[in-house]
Amino acid sequence: MIRAFSVDSVRRAESAAMADLPDGELMQRAATGLAEVVAARFEQRDGDRVVALVGSGDNGGDAAYAAARLAADGHNVAVVLLSDRAHEDGVEAARGAGCVVLAAESDPDEVTAALGEADVVVDGVTGIGGSAGLRESAVRLRDAVPETAYVVSVDLPSGSDPAGIEPGETFFADETVTFSLAKPVHLLPAGEAATGLLTVVEIGVEEPERAAVERLTRADIAEMWPVPGPFDDKYTRGVLGVVAGGERYPGAAVLATTAAATAGVGMVRYVGPPTPTGLVHAAVPEAVPGKGRVQAWLVGPGLDSGDRTSPGRAQLRAAEDALGEDVPCVVDAGALDLLSKPRSAPTLLTPHVGELARLAKRLRPRGLPRAGRSEASWVQMTRERPVLVARAVADRLDATVLVKGAVTVVVPPTSTGLPVRSQSDGPAWLATAGAGDVLAGLAGALAASGCSMLDTGSMAAAVHGMAADRANPGGPVRALDVALALGRTVAGVLTEPA
Ligand SMILES: NC(=O)C1=CN([C@@H]2O[C@H](COP(=O)(O)OP(=O)(O)OC[C@H]3O[C@@H](n4cnc5c(N)ncnc54)[C@H](OP(=O)(O)O)[C@@H]3O)[C@@H](O)[C@H]2O)[C@@H](O)CC1
Ligand SMILES: Nc1ncnc2c1ncn2[C@@H]1O[C@H](COP(=O)(O)OP(=O)(O)O)[C@@H](O)[C@H]1O
């Protein structure tokens, strides 16, 4: 499990470590590790010019001491101070080791020239003491970094919210060097792209007990996956009821039931109008038509809430009945419009950004910044702050909310005290129609086998992404092929967990 910790808990853990160490020792360890990473990158690329951007906090101190080490090792290093309150001893060490020291404000031309020739830029503007966004002066520096330079951010890409929630102007790192503990920004959608490659340098700070964000690895999934035992039968393994796919979008029923069956559910019951029922029967002959007892429901993929025909209305009633039943439920797409209050049993919502925005606009949960009246302004807020909006909706409906995207987040209600899970396992090829229906079916299978909503959402997101890769490594995939690859993907995870 990859774990990331809140700023408060990192500060507590760092204080505890510092109490047992000589003054300044942790920063020396951080600077040494940082300098070693930069030196190692020079072994893989041409040039020897480093520009270290040094902010006013300890992050700047790390960068200044690392600059001193690199200069002492013979690199050509310029240090750019963003403020006259930069770490004095660090800047002195850099000067003493032969770095050129420039001030962003008073030497703008020299700074631009140095940046223009840099092979590596060390971004030590802000760390966990910063908040989202960059001041104008820092934006100018960032924009002067040439595309050819390798950008190494210290602890986090400056300008990114350490908590990974708020958007803002940020540096974009090729690599981020963090110290002992990953931070939420490294794993969440608001910060992951700007983080680049994440390298953790061990400086002797102990992991706090509770993580703010977690990411499952293959080994975690191998341990958590519901594997049947010799005394299991189809009922004990779990029956999933699927209310999906109407006359308008019948394919969603095929994709969701195929995914559930291929992922290894005990049994699937399918409830829907004649056209999708016929298609499901042809594609998934083992699916049993009609209502019955289930361990979990999947409601919503391709559901047409506007269908006024008698079979359409019957399916809508079945969806409402399922939502009213006291069994776990995965709620996707069309069924998200049917939820207005908490259900009595565990619930996982699986919206994409647009669906989550619509849900939030309708429910107006607490804890969100003001959005305009238009749907577009809610979509923009949700795109920029998916975790915040998901959390507000999770709290309002007492449900776990999975928001789909390149980085998929699974956000439980605050009251559970559980961490957010964040998975980023799929290729961008997975952004294709019907992929969400496959994810929903896979999640339904896990929910039916008794997994918690947090485990269901995060394992489903991870395996869905891996299956897309396995279906056609390095190339385009269609949703049905992702569904059909699930069985092999699960077998791969269980037999080769590393
Ligand atoms: N504790 C430890 O033992 C160890 C800590 N370590 C390191 O320390 C880092 C945390 O250090 P920190 O607390 O000093 O905060 P940090 O992020 O460097 O500076 C915040 C200051 O920056 C400024 N500023 C804010 N926004 C800005 C902006 N947009 N644009 C420009 N400037 C901006 C603002 O100051 P102002 O300019 O307003 O005076 C604010 O107060 C941590 O990430 C890790 O790298 C390692 O050495 C390991 C041991
Ligand atoms: N850039 C991306 N990289 C990787 N996966 C992505 C990306 N964009 C979307 N996805 C994944 O593709 C799927 C799309 O789901 P969704 O939008 O619900 O599609 P549909 O409604 O057509 O089934 C989700 O699982 C999402 O996580």
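Select T456 to begin. In this predicted model, T456 counts as buried because its relative accessibility is 0%. The cut-off for buried is under 20% relative accessible area. T456 is found in helix 18. Now show what surrounds T456. Leaving aside neighbours within four places in sequence, T456 is in contact with L348, A443, L446, A447 and C451. Zoom in on C451. Its backbone oxygen lies 3.5 Å from a polar atom of the T456 side chain.

**Next stop: helix 19**

Select residues 479-495, which make up helix 19. How far apart are its end C-alpha atoms? They are 25 Å apart. The 17 residues, at 1.5 Å a residue, should span 24 Å, so the two values agree. Follow the helix to L486, where helix 19 bends by about 40 degrees.

Now colour the buried residues of helix 19: A479, V482, A483, A485, L486, T489, V490, G492 and V493. An α-helix has 3.6 residues a turn, so residues three or four places apart point the same way. What do the buried residues of helix 19 pack against? Show helix 9 (218-224), helix 11 (251-263), helix 17 (435-448) and helix 18 (453-471): the buried residues pack against these. T456, from the opening stop, belongs to helix 18.

**Over to helix 11**

Select A261, which has its place in helix 11. Is A261 buried or partly exposed? A261 is partly exposed, because its relative accessible area is 21% and buried means under 20%. Not counting residues up to four places away in sequence, A261 touches V268, V284 and E286. A261 and L240 are 21 residues apart along the chain, and their C-alpha atoms are separated by 9.5 Å.

**Ligand 1**

Centre the view on ligand 1. How many residues surround ligand 1? There are 23, and the closest are D58, D62, R85, G127 and D155. Start with D58: one of its backbone N or O atoms lies 2.7 Å from an oxygen atom of ligand 1. Move to I128, where a backbone N or O atom lies 2.9 Å from an oxygen atom of the ligand. Then pick G133. Here a backbone N or O atom is 3.1 Å from a nitrogen atom of ligand 1. Ligand 1 taken alone exposes 950 Å², and the protein buries 82% of that.

**Ligand 2**

Now centre on ligand 2. It has 16 residues around it, and K404, G405, G434, G436 and H464 come nearest. Show the side chain of K404: an N or O atom in it is 2.6 Å from an oxygen atom of ligand 2. The side chain of T408 also has an N or O atom to find, 3.3 Å from an oxygen atom of ligand 2. At D437, look at the backbone instead. An N or O atom there lies 3.3 Å from an oxygen atom of ligand 2. On its own, ligand 2 has 570 Å² of accessible area, and the protein covers 77% of it.

**Last stop: T382**

Select helix 15 (residues 375-384) and pick T382 within it. Is T382 buried or exposed? T382 counts as buried, because its relative accessibility is 0%. Show its contacts to finish. Neighbours within four places in sequence aside, T382 is in contact with V353, L356, A357 and V389.

Notes
Residues are numbered from 1 along each chain as its sequence is written. Chains are lettered from A and ligands numbered from 1 in the order in which they are written. This is a predicted model: local features need pLDDT of at least 70, side-chain atom pairs count only at pLDDT 80 or more; totals for chains, interfaces and linings use all residues. Side-chain values use heavy atoms; hydrogens and water are left out. Helices (H or I, at least four residues) and strands (E, at least two) are DSSP runs, numbered from the N terminus. The expected span of a helix is 1.5 Å times one less than its number of residues. The bend at a residue is the angle between axes fitted to the seven residues ending there and the seven starting there. Buried means under 20% relative accessible area, exposed over 50%, partly exposed in between (1.4 Å probe, protein chains only). Contact means heavy atoms within 4.5 Å. A residue is near a molecule or strand if one of its heavy atoms lies within 4 Å of it. A polar contact is a pair of N or O atoms within 3.5 Å; within protein, one must be able to donate a hydrogen and the other to accept it, and residues adjacent in sequence count only if both atoms are side-chain atoms. Accessible areas come from the Shrake-Rupley method with a 1.4 Å probe; for residues, only the protein chains shown count as cover.
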